[in-house]
Amino acid sequence: MSDIEWTDETWNPVTGCTQISPGCENCYALRMSHRLQAMGVDNYRNAFELTTHDHVLEKPLSWKKPRKVFVNSMSDLFHRDVPVKFIERVFDVCRRAHWHQFQILTKRSQRLAREADHFEWPDNVWMGTSVESQDYTFRVDHLRQVPAAVRFISFEPLIGPVDRVDLTGIDWAIVGGESGPGSRPSHPDWFRKLRKLCEKQGTAFFFKQYGDYAPAPKGTAEKKIVKIGRQGDIRDRSDKKPRKTDAAVVRMGKGNAGRTLDGQTWDAYPEVVT
């Protein structure tokens, strides 16, 4: 089973990737692949070099209990180096394993939109794209062109505000801050803004995590506090002039930061055909 909050299982017929945007900067899959290579795990013998794994393709067919399956948590199915024929084979397994719900997430939204007509889209395939800031909301327009039964966006790691995004045709939004080495803080208002946009446009909202940084509890030592502006600018500690839009956050680790926003968890899922 997976530790990822919004899925039940991961399936990696492809491993390895390359970085294409700021959200990739502290990629967990890159770190993990090198760790698994050092442990001698055969599927990661090439570390983070893109590799397809024919022997993994039919694995979901052996899972008899229905589950949500995140496809390629350690890669990107629509990476330019993944052959169309291989993607078709992945979709074929999704179709045959009809009792599962398959969640595919890509940053390569342009290739996705361009080649979507190559594939048959069974109702149990959810298609998503990642948006880490306002600069990458164009990916949502590409996603809207795809004939998937469920379309979703992962606003994670959210490293900048998203103040405007058209969620027409988008069924689900996963929202969260960054965790792990080198993680960057998020302004809590960024999460609230997306929650409001989802509520207004009828998109299911799932708050995954604050990440490593969360609002500083009362009594936190000043030297530990990071003050982040509404646009993501980090205030110098020597600047004592208060700004109403600043947020005081502190690095406390993903586990301690938790995943409650304004006193509650937000775990909505899209309605699906089963």
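Cut-off first, as I need it for what follows: I call a residue buried when its relative accessible area is under 20%. Also for the record, this is a predicted model.

Entry 1: I looked up Asp76, which sits in the loop between strand 4 and helix 2. Is Asp76 buried or exposed? Its relative accessibility is 4%, so I put Asp76 down as buried. Next I asked what touches it. Beyond the neighbours within four places in sequence, I find Asp76 in contact with Gly16, Cys17, Val82, Leu105, Thr106, Lys107 and Arg108. A polar atom of the Asp76 side chain lies 3.0 Å from the backbone nitrogen of Phe78. I also checked Trp99: it is 23 residues from Asp76 in sequence, and the C-alpha atoms are 23 Å apart.

Entry 2: I traced the strand order and got 1-4-5-6-7-8-9, an open sheet of seven strands with parallel pairing. Which strands stand at the edges? They are strand 1 (9-11) and strand 9 (204-209); each has a single partner strand, so one side of each lacks a neighbour in the sheet. From one strand to the next I get an average twist of 25°.

**Entry 3: walking across the pairs.** Strand 4 (residues 68-71) runs parallel to strand 5 (residues 101-106), and I count four bridges between them. Here Phe70 is opposite Gln103. On the next pair, strand 5 and strand 6 are parallel with five bridges, and Gln103 faces Trp126 of strand 6. To get from strand 5 to strand 6 the chain passes through helix 3 (residues 109-115), a right-handed β-α-β crossover. Strand 6 and strand 7 are parallel too, over five bridges, with Gly128 opposite Phe152. The link from strand 6 to strand 7 goes through helix 4 (residues 138-144), and this crossover is also right-handed.

**Entry 4: strand 6.** How many residues of strand 6 are buried? Six of the six, so I note the strand as largely enclosed by the rest of the structure. In a regular strand, side chains alternate between the two faces of the sheet. I checked each face: Val125, Met127 and Thr129 are buried on one side, and Trp126, Gly128 and Ser130 are buried on the other.

**Entry 5: helices on the sheet.** Helix 2 (residues 84-96) lies across strands 1, 4, 5 and 6, at about 145° to strand 1. Helix 5 (residues 188-201) lies across strands 7, 8 and 9, running at about 160° to strand 9.

Technical notes. Residues numbered from 1 in each chain as written. Predicted model: local features only at pLDDT ≥ 70, side-chain atom pairs only at ≥ 80, totals over all residues. Heavy atoms only, no water. Pairing = 2+ DSSP bridges. Helix = DSSP H or I, 4+ residues; strand = E, 2+ residues; numbered from the N terminus. Axes fitted to C-alpha atoms, helices over the stretch in contact; angles between N-to-C directions. Contact = heavy atoms within 4.5 Å. Buried < 20%, exposed > 50% of the residue type's maximum accessible area, 1.4 Å probe, protein only. Right-handed = clockwise from strand over helix to strand, strands pointing away. Polar contact = N/O pair within 3.5 Å; in protein donor to acceptor, adjacent residues only side chain to side chain.
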